[in-house]
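Subject: Structure for your files

Hello,

Here is the structure I said I would pass on. My notes on it follow below.

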Amino acid sequence: MAANEGDEATLSLVDVLEEDEELENEASAVLGGSDSEKCSYPEGHVKRQALYACNTCTPKGGEPAGVCLACSYKCHEGHDLFELYTKRNFRCDCGNSKFGQTECKLYSEKDPLNTDNKYSHNFFGLYCTCNRPYPDPEDHVEDEMIQCIVCEDWLHGRHLSRPVPECVELQEMVCESCMNKNAFLWIYAAHLEVPPVTKVSPGKVEEEVKTEGGQHSEEGKDGTEEASTSLTNHGEDMSKANGSSSCKRKHQELEVGSPSEAPECRLTELKSRGPEKTRTGAVFWPSAWRTKLCSCASCKRSYAEAGVSFLLDESDTVLAYENKGKTTEQERRGGAEGRDPLMSALDNLGRVQQLEIIHGYNDMKTELKDFLQRFAEEGKVVTPEDIRQFFEQQQSRKRRRANAGQYYCS
């Protein structure tokens, strides 16, 4: 169904709706894997969930605390919240001793503290090695925020001490600090790391990046073109990934091939290969790199002692969580199969009607964006009631316009 003829409109309503659906899917990827109605506390330390920190209840200078998605809606409506995207192995703090006399409205029977939770400056709205807020009103350099999969902090691309690959959507990043704390990763990086190519982060002078030793991956490489995808912060709220139209390689092509026979200790075998990578800068890892880590008894003990056993778990990845969220949302909608009834109905409309609907839809989309922008600027969570009020106002304006267009003869 095309909405354009000649030199007029070039975008069909189907295109607009499909774009809008894509944005909804991206939001579902982050929030769909978390329950928006029930506090997650009874589930214990959830493997991965969307989290928020309340600057109203636990401001800087106090103890850090995190609340689940449902509590951000029900218990902290109208508060100054920091969106933390997702964190692993975290139990909701809402209403515990860190919140004084304030109890959780969804689940009040909680221990005073969750001693196994891990916190960082993110819980006070600060990020990166520069320890700045996001968005930062004093920073006018356009830059992407990339999350380290170990410490789960968000870092500016220009503060990674290395160029950012052109498109790393299907890759994972480990910051330099976490690489040094888990030095065994440098050995794997010499053989698995995605080479730094083509794109230099903002704030740095563009320079030629020379690949050390030529081959950065000695196994599973197809020899055609460098793997490059981009895991950016999710837009204005760290939950919207950039598109990857410039990424020519598919997910499967980025995977590092498995060795024909696994040695007794994979790490020992890689050590013997040499040379080791220069220990500087963050490291970007290709898809499925975790499957290349040694899982012998000795290495597993080392991972456990370092607190990084999750590296052996493919379902720990943000990509796995996002896919779960998309699946959950599709199930809520009754499945993804079948064409949207609205799109099917548009085929039966005339061209003039189609254009009128397009203009009306675009107007509503602009007004909704402006409406939501106010919440983003104030750091507030949008509730179902806010959305209902927005559409009630839309209906009210529509009725006023309709009444204004009526003329009566005396």
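I started with the largest cavity, whose lining by class has three nonpolar, two polar and six charged residues. Please keep in mind that this is a predicted model. The volume of the largest cavity is about 40 Å³, and the structure holds one cavity of 30 Å³ or more. Its lining is made up of Arg48, Arg88, Gln147, Cys148, Ile149, Glu152, Glu172, Arg290, Asp316, Thr317 and Val318.

Salt bridges

The count of salt bridges comes to 17. Three of these pairs are described here.

Glutamate 152 and arginine 48 meet through their side chains in a salt bridge, at 3.0 Å from N to O. Glutamate 152 sits in the loop between E4 and strand E5 (154-156), while arginine 48 belongs to strand E1, so distant parts of the chain, 104 residues apart, are linked by this pair. Both glutamate 152 and arginine 48 are buried.

A salt bridge also forms between the side chains of arginine 290 and glutamate 172 (2.9 Å, N to O). Arginine 290 is in the loop between strand E7 (283-285) and helix H7 (297-306), and glutamate 172 is in strand E6 (residues 172-174), so the pair ties together parts 118 residues apart in sequence. Arginine 290 and glutamate 172 are both buried.

The side chains of lysine 277 and glutamate 193 make a salt bridge at 3.2 Å, N to O. Lysine 277 is found in the loop between helix H6 (266-273) and E7, and glutamate 193 in the loop between helix H4 (184-192) and helix H5 (251-254); the pair therefore ties together parts that are 84 residues apart in sequence. Lysine 277 and glutamate 193 are both buried. Through shared partners, salt bridges join Arg48, Arg88, Glu152, Glu172, Arg290 and Asp316 into one network. These six residues are also among those lining the largest cavity.

The sheet around E1

Three strands form an open sheet in the order E2-E1-E3, with antiparallel pairing. Strand E2 (67-68) and E3 are at the edges with a single partner strand each, so one side of each has no neighbour in the sheet. Strand E1 (residues 46-54) is joined to E3 by seven bridges, and the two run antiparallel. Across this pairing, arginine 48 stands opposite arginine 88 in E3, and glutamine 49 has lysine 87 of E3 as its bridge partner. E1 and E2, also antiparallel, are joined by two bridges, with leucine 51 opposite cysteine 68 in E2. E1 is mostly covered, as eight of its nine residues are buried.

Two buried loop residues

Histidine 76 is in the loop between helix H2 (69-74) and strand E3 (81-90). Its relative accessible area is 1%, so histidine 76 counts as buried. Not counting residues up to four places away in sequence, histidine 76 touches Cys54, Cys57, Val67, Cys71, Leu81, Cys94 and Phe99.

Asparagine 122 lies in the loop between E3 and strand E4 (145-147). Asparagine 122 is buried too, with a relative accessible area of 1%. Leaving aside neighbours within four places in sequence, asparagine 122 is in contact with Leu84, Lys87, Tyr127, Glu152, Asp153 and Trp154.

Regards

Conventions
Residues numbered from 1 in each chain as written. Predicted model: local features only at pLDDT ≥ 70, side-chain atom pairs only at ≥ 80, totals over all residues. Heavy atoms only, no water. Helix = DSSP H or I, 4+ residues; strand = E, 2+ residues; numbered from the N terminus. Buried < 20%, exposed > 50% of the residue type's maximum accessible area, 1.4 Å probe, protein only. Contact = heavy atoms within 4.5 Å. Pairing = 2+ DSSP bridges. 1 Å grid on protein atoms, 1.4 Å probe; cavity = no way out; pocket = protein on both sides within 12 Å on 5 of 7 lines; lining within 4 Å. Points joined across faces, edges and corners; volume = space filled by probe spheres on them. Nonpolar A, V, L, I, M, F, W, Y, C, P; charged D, E, K, R; others polar. Salt bridge = Lys/Arg side-chain N within 4 Å of Asp/Glu carboxyl O.
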